[in-house]
Amino acid sequence: MNWPLFFAFLSGAILGLMNVFDTYIVKLRVKNLMGFAIVSALTNILFGVILALFLNWTVYSFSDYTFSILAGLVMGIQLFFYYFVLSKHDSSHAIGLIYSYPIIVAILSFFFLNEQLSLLGYVGMAITLLGVLLLSVRVKKLRVSIAIWSLVIVTLGAGLHEFFAKIAVNQISPWHGTAINSIAMGWFALVLLLKKKYRIGFISEFRNIKLTFVSELLTLAGILAIYFAMNGLPATIVSVVSVVQPLFVLFFEWVAFSLGIKIVKDVNWKNKLFAIILIIIGLILLYVNDIV
């Protein structure tokens, strides 16, 4: 079994479930998103420290942790702007544009890691991303007024995170990388406490810390899966495979809808069938030409 490929798909499934749970939180439980983001940051630090306590840190030097720290800091920045985007009604319709980040990973990996796919591999990547965007972007609801710069930062952050994670696993284990990633990500988000209105939001949202235990445990598991996938596959392939999150989001939304959890009005598979077919075709081309 190709375990790195399995972990790449697993990361998409885990983070897809996390996204659906976050949608539930945002729509039904949270009143102050930025305050809740700080609570999430604390939980990330907590989980990172707990994981770190079970690891041996004497086998590496401090310099070996550089890229995991960078990955965490980038993800912390991404977390801030992710919640900012969600807090803007119009921007939420464009959140799927973030899934174009494998393009950034492919460019960085080509120039700095000498990663090259076959021609059909790049075609498969393009087809997969097209399917993902068609599946996740609500084109009819896009507006010029959306905070496009925030979306660019989140997309760039996602790409840099996976690029740094790839370099990190060449120096330390996925377990160590994930622990540092989580701690660094959380510390950056705590910068929000410097602003009074965010401190007030944090206090009001602390009651929802139990919700962050679920959400950030899924985040931790998703990051760990990405690190394990990066340990055996090129960064470009991992990013393309794991970016099929919207496919898992669609499935978990359907499960939630079937259970009577009102986070979506309906899940219409027919309208999304073309996008799903594109994703499958793209992944097949990528698998046959660059993974086997």
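Trainee: How do the axes of helix 5 and helix 11 cross?
Mentor: They come within 8 Å and cross at roughly 175°. Helix 5 covers residues 102-112 and helix 11 covers residues 235-242. The axes are lines fitted to C-alpha atoms, for helices over the stretch in contact, and angles run from 0 to 180 degrees between N-to-C directions. Before we go on, this is a predicted model: local features need pLDDT of at least 70, side-chain atom pairs count only at pLDDT 80 or more, and totals for chains, interfaces and linings use all residues. Residues are numbered from 1 along each chain as its sequence is written, and side-chain values use heavy atoms, with hydrogens and water left out.

Trainee: Are helix 5 and helix 11 roughly parallel or antiparallel?
Mentor: Roughly antiparallel. Angles under 35 degrees count as roughly parallel, over 145 as roughly antiparallel, 65 to 115 as roughly perpendicular and the rest as oblique. Helices here are DSSP runs (H or I, at least four residues), numbered from the N terminus.

Trainee: Which residues meet there?
Mentor: From helix 5, Pro102, Val105, Ala106 and Ser109. They meet Ala235, Thr236, Ser239 and Val240 of helix 11. Contact means heavy atoms within 4.5 Å. The residues of this contact are five nonpolar, three polar and no charged. Ala, Val, Leu, Ile, Met, Phe, Trp, Tyr, Cys and Pro count as nonpolar, Asp, Glu, Lys and Arg as charged, and the others, Gly among them, as polar.

Trainee: How many residues of helix 11 are buried?
Mentor: Eight of its eight, so helix 11 is mostly covered. Buried means under 20% relative accessible area, exposed over 50%, partly exposed in between (1.4 Å probe, protein chains only).

Trainee: What does glycine 159 touch?
Mentor: Tyr101, Ile104 and Val105, not counting residues up to four places away in sequence. Glycine 159 lies in helix 7, residues 148-168. Its relative accessibility is 0%, so it counts as buried. Glycine 159 and threonine 236 are 77 residues apart in sequence, yet 9.8 Å apart in space, C-alpha to C-alpha.

Trainee: New topic. Why is helix 8 called largely enclosed?
Mentor: Because twelve of its 16 residues are buried. Among them are Pro174, His176, Asn181 and Met185. Helix 8 spans residues 174-189 and reaches 23 Å from its first C-alpha to its last. That is close to the 22 Å expected at 1.5 Å a residue. The expected span is 1.5 Å times one less than the number of residues.

Trainee: And what is serine 182 in contact with?
Mentor: Asn44, Ile45, Gly48, Leu220 and Ile223, leaving aside neighbours within four places in sequence. Serine 182 is in helix 8. It is buried, with a relative accessible area of 0%.

Trainee: How many aromatic pairs turn up?
Mentor: The whole structure has 17. One of them joins tryptophan 3 and phenylalanine 7, tilted, 6.3 Å centre to centre with 40° between the planes. Rings of Phe, Tyr and Trp (its six-membered ring) pair if their centres lie within 6.5 Å; planes under 30 degrees apart count as stacked, over 60 as edge-to-face and the rest as tilted.

Trainee: How far apart in helix 1 are tryptophan 3 and phenylalanine 7?
Mentor: Four residues, so about one helical turn separates them. Trp3, Phe6, Phe7, Trp175 and Phe228 form one aromatic cluster.

Notes:
Helix = DSSP H or I, 4+ residues; strand = E, 2+ residues; numbered from the N terminus.
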